[in-house]
Amino acid sequence: MKNLLPIRHKQHDFFIADIFDGIPYKDDMASMEHPFFGLSTKKDLNPVNYEHNGNTVNISPSVKGMPTIFDKDILLYCGSLLMAEVKKGILPPKTIRISSHDLLVSTNRYTNNHGYKLLAQALERIQGVSITTNIKTNNIEIREGFGLIDKWKIVESSRVKDRMVKLEITLSDWFYNSLLGNEVLTISPDYFRLRKPLERRLYELARKHCGNQRSWEVGIDKLHKKTGSKSLERKFRFLIKEIANNDLLPDYKVTFNSGKDQVTFINRGTVRENYNSIPPLQPDTYEKARKHADGIDIYQLESEWREWAKKNSSSPDNADGAFIGFVKSKTK
């Protein structure tokens, strides 16, 4: 489709392992739920102060600018590798060595000189940003400003071309804790073919809120806030209509009801990751459970509950009541 990015690496180099054969891409639920990444492709030095349902995120970009949703590819790549180790029962280190080329190939980015230059700029933005938030990962709140990665360095460079061959990246405690807590969701590889920043952000929100349910409805004002878009609401409506008409999002179809000023995400039935046999919760269950959540992200708690139920082969008759009971027990 002409509005999607092309698949840039249809045949990977023979001597480069296609690491994502059988390893799903993972996205952390906290940054799927809340706008940690900018949607502008231009340098953005403006701070972000976000609050929703008691969750706060304050972001101060460095002189390099706000990390963009395209910069997030680095965390998706590193997080997916580490989650593959976690699934094996291995406790991975916070510091990981990776191939720059493999990262670029796996996230459908260019592997020319410009591609490596963009990667270096993305690393600088992700490390340089200062974030303070009360959002917990793995039930741990970081009470200090932090970046999304603590540091990065080039451990091997190409002698022929000015390229970083191997990188060493140390993840921040906040992001690392989300991986150890299994607070992640599988995303479609076609996410990396989405050309527009807002398309990527909408897919994250749909994956997080709609999940395996048949559909998820949200008002345009609330969606505008949750995306972190800095467009005026009138312009935002136009962009949503355009995305709905193009119909490019993987896993979910977007529809816009202008009469109700409401957006609906409809599950296409292609999501790879199933929660288990427990049915979707009722919308008001989240509001009831949030009263007992003590500031913890309610969708994070839902993921923990479903994972616990899966491990214990539990399929309650009253899923909504069981979830509220779980939340109460977790926050006593």
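Modeller: Start with Ser99: the bridge partner of Ser99 in β7 is Lys166. Bear in mind that this is a predicted model, so treat what follows as a reading of computed coordinates. Staying with that pair of strands, Arg97 stands opposite Glu168 in β7. Altogether β4 and β7 are joined by 5 bridges and pair in the antiparallel sense.

Now look at the other neighbour of β7. β6 and β7 also run antiparallel, joined by 7 bridges. Put together, you get an open sheet of 3 strands in the order β4-β7-β6, with antiparallel pairing. β4 (95-99) and β6 (149-157) are its edge strands, each pairing on one side only. From one strand to the next the twist averages 20°.

How covered is β7 itself? Mostly: 6 of the 8 residues of β7 are buried. Helix α4 (residues 113-128) lies across β6 and β7, and runs at about 150° to β6.

Next, follow Leu171, which is one of the residues with the most contacts inside the largest nonpolar core, along with Ile169 and Phe265. That core has 76 residues. Helix α2 (residues 73-87) gives the largest share of this core, 8 residues. Leaving aside residues up to four places away in sequence, Leu171 touches Leu75, Cys78, Leu82, Lys94, Leu148, Ile149, Asp150, Tyr176 and Leu179. Apart from this core lies another one, of 14 residues, including Ala289, Ile296, Phe323 and Val327. As a rule, nonpolar side chains in soluble globular proteins tend to be buried together.

The buried ones are Trp174, Phe175, Tyr176, Asn177, Ser178 and Leu179. And what covers them? The cover includes β1 (25-28), α1 (29-33), α2, β5 (130-133), β7 (164-171) and β8 (184-187). After α5 comes Asn182, which has a positive phi, near 60°.

Two strands from that cover, β1 and β8, are worth a look as well. β1 and β8 pair in the antiparallel sense over 4 bridges, and Asp27 stands opposite Leu185 in β8. In a regular strand, side chains alternate between the two faces of the sheet. You can see this on β8: Val184 and Thr186 point one way, Leu185 and Ile187 point the other way, and all are buried.

Finally, zoom out to the whole chain. The protein has 11 helices and 11 strands, and 52% of its 332 residues count as buried. Take the contacts between residues at least 6 apart in sequence: 68% of them join residues at least 24 apart. The accessible surface comes to about 16,200 Å², and carbon and sulfur atoms account for 48% of that.

Conventions: Residues are numbered from 1 along each chain as its sequence is written. This is a predicted model: local features need pLDDT of at least 70, side-chain atom pairs count only at pLDDT 80 or more; totals for chains, interfaces and linings use all residues. Side-chain values use heavy atoms; hydrogens and water are left out. A nonpolar core is a set of buried Ala, Val, Leu, Ile, Met, Phe, Trp, Tyr and Cys residues joined through side-chain atoms within 4.5 Å. Buried means under 20% relative accessible area, exposed over 50%, partly exposed in between (1.4 Å probe, protein chains only). Contact means heavy atoms within 4.5 Å. Two strands pair if DSSP finds at least two bridges between them. Axes are lines fitted to C-alpha atoms, for helices over the stretch in contact, and angles run from 0 to 180 degrees between N-to-C directions. Accessible areas come from the Shrake-Rupley method with a 1.4 Å probe; for residues, only the protein chains shown count as cover.
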